[in-house]
Amino acid sequence: MVAPISPDPEKAQISELLKKLIREKGYTHQSFSEAIGVSPGLVSQWATNRGMVPAERALKVASLLGTEPEIISPSWRELRDQFVASQSVRLDAETIRIAITVAQQSFKLTHGEELVIELDPELFSQALRTAIALRQTMEGENVESGPGNGQVGAAGGVAGAQEDGEEAKPARSRQRKRA
């Protein structure tokens, strides 16, 4: 069954742009489909306004065509916008410095000892969440994600900053079974 052509003018413009870029880069639908790992029919659907580049393919398609994913994929743009809206604190240098300090304290490193994130990436992830919670607290934002539990993130998350001025500490991570 052939997919119907979308009446959305933006989608029509994207399809035209895809056709143009594929042609300009010297691809056929066959060669382009092979380059991104999809069927030629799917590429044809994108180029004839019968389907859109999905978010999970947008980065590779954009890279091969020399454009940005948000230009060729409305679903990529929507996901990006949702993500940006959900991120109230950016990972700036200060947040990362705080995370490193928390991780160093968790590893009980002395001054001058090197922090190797690869030793326990989950701990560093928790340290980043702690740093973000601390920054949000300093900026007066609500850091609770659960029902009054003061934690940021999912199970095994990081305890939020204490109200009495104590430093927030990573929650103990669960031991994983090793095969």
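This is a predicted model: local features need pLDDT of at least 70, side-chain atom pairs count only at pLDDT 80 or more; totals for chains, interfaces and linings use all residues.
When neighbours within four places in sequence are left aside, Val61 is in contact (heavy atoms within 4.5 Å) with Leu18, Phe32, Ile36, Trp46, Val53 and Ile72.

Residues are numbered from 1 along each chain as its sequence is written. Local features need pLDDT of at least 70 and side-chain atom pairs count only at pLDDT 80 or more, while totals for chains, interfaces and linings use all residues, and side-chain values use heavy atoms, with hydrogens and water left out.

Helix H3 spans residues 40–47, and its buried residues (under 20% relative accessible area, against over 50% for exposed and in between for partly exposed, with a 1.4 Å probe and protein chains only) are Val43, Trp46 and Ala47. Seen down the axis of H3, these buried residues fall within an arc of 95° (taken from the directions from the helix axis to the C-beta atoms), so they line one face of the helix. In general, an α-helix has 3.6 residues a turn, so residues three or four places apart point the same way. The cover over the buried residues of H3 includes helix H1 (9–24), helix H2 (29–36) and helix H4 (55–65). Just after H3, Asn49 adopts a positive phi of about 65°.

The chain as a whole contains 8 helices and 2 strands, which follow one another from the N terminus in the order α-α-α-α-α-α-α-α-β-β. Of its 179 residues, 30% count as buried. Among the contacts in the chain with a separation of 6 or more, 51% are accounted for by residues 24 or more positions apart. The accessible surface (Shrake-Rupley method with a 1.4 Å probe; for residues, only the protein chains shown count as cover) comes to about 11700 Å², of which 53% belongs to carbon and sulfur atoms.

Ile96, which is found in helix H7 (residues 93–106), is partly exposed, with a relative accessible area of 34%.

How values were computed. Helices (H or I, at least four residues) and strands (E, at least two) are DSSP runs, numbered from the N terminus.
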